Amino acid sequence: MLTRDKASEIFERLTKFSTADEIEALIAGGQSALTRFANNTIHQNVAEENYVVSVRTVFEGRTARATTNKFDDESLKQAVLASEALAKVQEPDPDLLPAAGSEDTDGAPPVGRAFFETSSLTPGQRAQAVDRIVNIAKKQKLTAAGIFSNSESVEAVLNSRGLAAYHTQTSSEISVTMLGGDSSGWQKSNSPDVRNLNPVALAETAAKKALQSAKPRELPAGKYTVILEPAAVLDLVGFMFWDFGGMAILDQRSFLNNRVGTKVFGENITVWDDVSHSLQSGAPFDGEGVRRQRVQLVEKGVVKRLVYARSTAKKMLESEYAAKVGPVEPTGHGFPLPNEVGEAPINIVFEGPGQSAAKGVDQMIAATERGVLITRLWYIREVDPYEKILTGMTRDGTFQIEDGQLKNGIRNFRFNESLLHMLSNVEEMGTPVRASGEESFDMVVPPMKVRDFNFTEVTKF
Amino acid sequence: MSMKQIAEWALNLTNQHGVSYADVRIVDERNRALATKNGRVGHASDSTSLGIGIRVLADGAWGFAATEDLTRIAVEMTAAKAVEIARSSARVKQHDVRLAPEKPFTDEWATPYRTDPFSTSVEQNIDLLLRVDKELRAIEGITLAETNMNFRRYEQWFFSSEGSSIHETKMTTGAGYTAYAFAGTEIHKRSYPNSFGGQYQNKGYELIEELKLVENARRIAEECVALHKADQCPEGNFTIVLDSSQLGLQIHESIGHPIELDRVLGMEANFAGMSFLTLEKLRQLRYGSDLVNVVADATRNHGPGLGTFAYDDEGVPAQCTPIITDGLFTGYLSSRETAHAIGSNRSGGTMRAEGWNRIPIIRMTNISILPGEKPLTFEQLIADTDRGIYMQTNRSWSIDDKRYNFQFGTEIGWEIKGGKLGRMLKNPSYSGITTEFWNSMDAICSRDQWTLWGTPNCGKGQPMQTMGTGHGASPARFRNIKVGSAYKGT
């Protein structure tokens, strides 16, 4: 693993090649491995090691970036020269601030997210876990597909104003699909610590869903009460957080244009961005090396605050929107410069309803007269950017609920649903968990029971 | 040190470990990415990446390892790791991997181009983008203007234990822009020449000159603002006419993905999904109407598509496979491992990897619908349509995990009435079932209306791999299509 000292040494060499006013290096990479299985067979099995250094130079308000995965002097020199050449031909950007200083990164919350048990996992250990998953499939006359991955990564930001931020962490993930003749079930889990993953439990739950949803019936499209498991919740709500950056308002591309400070969701929706939450992952600093702050985005349905990169905050304060968007200050959510997007909250934590009010999925089912249980969603895309209407499909475990019980599997639905509508119609929530889907980044979300969810079509399986 | 020497370090070591097959890809990649936003440079970046990926078959199972370190010790350790991984894979298998035979090739090939895009100056590139930006923002009501330009040079050395030695260099160029208008409670956008990044081809800078970016900017911005006063696209069943870029994406989603044989065989079941095109449907299923003829063509004859190459990443020469012939389903995209599943003794040559650190998997090449044989211009197609809706430029796309049910939205539409384009329509969308849709096609424009579009961002595989694919299409007409579901009940 590339150490903090090595990162400093690389940065020292870079600075010798540069004539720029300022220089910044983003050093990232690591080792990763992924075992992939399908048809009860490991059919792909890969490992890689790669590090990159990305150099940003600044000349009087002009900046650009060049990246290489070679660390010899000549390659570093070429990266610096390429960055400088790209920067010099531009017009100065009056919004570009001097690089962040060490005072901007100091005090970043300590996060211990590197585990030897994860980084040292071998192909043999992954194969052993897959074998157990496959044996569960065989026992139930099902077919298993999925992945088991682990990685160890480093992320460092260093600049000529003395900022030096360094983060290392591990990640592990298991995803399992169980296939029956006309049904399927799915489960997925990830964690920095592989000891938190339970391949057998995931396989057994996925298998149970595949068996229970066999011989699916067709229900007509229409509005239903749905119970969304956490993975389905995160894949939906993930589409709105890109609009919670100040730049999205300045660009007038956000569904929060003219809505910050107003109640857009139900009373029971409160959302934070919190990198230090025990179920979160990632570096405690942003793409400029600025420490990430804990920010309350939504309080009881009211959008309270946005997140800001340093230059976006300055621009917002000078803009016509400054008085309408709540507190404006850099929050440590910027992407590496230069970029057009600005910033976004990426450590989302939904507040639960409290232990006494929290309902598990089973309790929600028991309290539902007629509805649909959704395990997972697929191919979600934005239909309308301001009303935040999303379309997509249910997948791998969709059930009819009748009189408080799972009745049978049903054919998959297409939905066209507004997030504004959906998060105003949440009847019950469970305890938030670290969830992992396929359409959005991981976050801490609860299962939700939502009324009047809008299904518009049914597919053939 | 030559690339061949580096590859030999790996191949010699895997040979010593007794593998039944090994291949090595060394890739040297360079990218330039430029973008502007509202009159300023949004980002300017240059990146290079060089590394080696080693794939082996041992004990009848696959292993792969990759590193950016090209020293002898690192290459040999990586090769040994690939072998260790393959032997681990072999612990969970139902049968041994069997490769369709392919003779070894020694060859060299490069994308033909007139102007190396990397030889053009960054000033020139940015100047063009800022001129487009100025045109877009000259129209009152435009609240955001974004432009982009991207170049990629991808040089690969492929060596296999069977004796192949192939040096191939691909050049990709692309550019496009989008104007946004926010007013009241609506955000509209218009893009040119296509949405989500514009047009991409395996070509030089001459593509940028052909696109007429500046010349179309005002029209695009005016249409974007005009959408705020347009009527909502109606709900119901209508005749629709799709422009060639939207039809290209329709092909990508509802033909290109379902014909991937790895998907059909369940190898993507956990992530990208499977396919309704189960094996018994080959040469039996009426996929579309008699007018529907689709090929998977990676050869240079097809044009400079993102799926054009000389050899795939298993060293198999580029081929043209008939996918749909006069409406009948006739072919899959296959690999050396999967060819036997359809009774073929040779791979269709569709295996590609995103970079040196990824394994090759089955990817679309250029999946194109052939133009109509009878002369038919777009104007003649509209004149021949009494009532319907013309839809242009994709805005949203979604399809189920077996590729049956789809829904597409476009940026803009126009009513067709009495053989003429009439009022503008906002928020157009249509939906349906794949085979029902393609069987409803009753007209397609001829070769002079045909464009080979590039989709630079097709995602598949775990770890995720992004790949460029090509899709040739002419405007076409479809009868009795469900329109407007995207806004139904919302």
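Reader: How many bridges join strand 18 and strand 19 of chain B?

Author: Two strands count as paired if DSSP finds at least two bridges between them, and strands (E, at least two residues) and helices (H or I, at least four) are DSSP runs numbered from the N terminus. Strand 18 (residues 405–417) and strand 19 of chain B pair in the antiparallel sense over four bridges. B:K417 has B:K420 in strand 19 as its bridge partner. The two strands form a hairpin with two residues between them, and B:G418 in the turn has a positive phi of about 60 degrees. This is a predicted model, in which local features need pLDDT of at least 70 and side-chain atom pairs count only at pLDDT 80 or more, while totals for chains, interfaces and linings use all residues. Residues are numbered from 1 along each chain as its sequence is written, chains are lettered from A and ligands numbered from 1 in the order in which they are written, and side-chain values use heavy atoms, with hydrogens and water left out.

Reader: Which strand of chain B pairs with strand 19 in the parallel sense?

Author: Strand 9 (residues 231–232) of chain B pairs in that sense with strand 19 (residues 420–426) over two bridges. Within this pairing, B:Q232 stands opposite B:K426.

Reader: In what order do the strands of the open sheet in chain B run, and which stand at its edges?

Author: The order is 13-12-11-16, four strands with antiparallel pairing. Strand 13 (328–329) and strand 16 (367–369) of chain B each have a single partner strand, so one side of each is left without a neighbour in the sheet. Strand 12 (residues 320–325) and strand 13 of chain B are joined by two bridges, and B:T325 has B:L328 in strand 13 as its bridge partner. Helix 6 (residues 244–256) of chain B lies across strand 11 (294–297), strand 12 and strand 16, running at about 120 degrees to strand 16. Such angles run from 0 to 180 degrees between N-to-C directions, with axes fitted to C-alpha atoms, for helices over the stretch in contact.

Reader: How is the area buried between chain A and chain B to be read?

Author: The size of an interface is often given as the accessible area lost when the parts come together. Buried area is taken here with a 1.4 Å probe and summed over both parts. Between chain A and chain B about 7000 Å² is buried, of which carbon and sulfur atoms give 52%. A:E340, A:Y379 and A:F461 supply 9% of the area that chain A buries against chain B, more than any other three residues. The contact (heavy atoms within 4.5 Å) takes 83 residues from chain A and 83 residues from chain B.

Reader: Where do strands of the two chains pair?

Author: Strand 3 (residues 62–68) of chain A pairs with strand 2 (residues 40–58) of chain B in the parallel sense, over three bridges. A:R65 has B:S45 as its bridge partner.

Reader: Which peptide bonds are cis, and where do they lie?

Author: Most residues other than glycine have a negative phi, and most peptide bonds are trans. The bond from A:L337 to A:P338 is cis, with omega near -10 degrees; A:P338 is in the loop between helix 9 (310–317) and strand 11 (348–350) of chain A. The bond from B:Y192 to B:P193 is also cis, with omega near -10 degrees.

Methods:
Buried area is the accessible area (1.4 Å probe) that two parts lose on being put together, summed over both.
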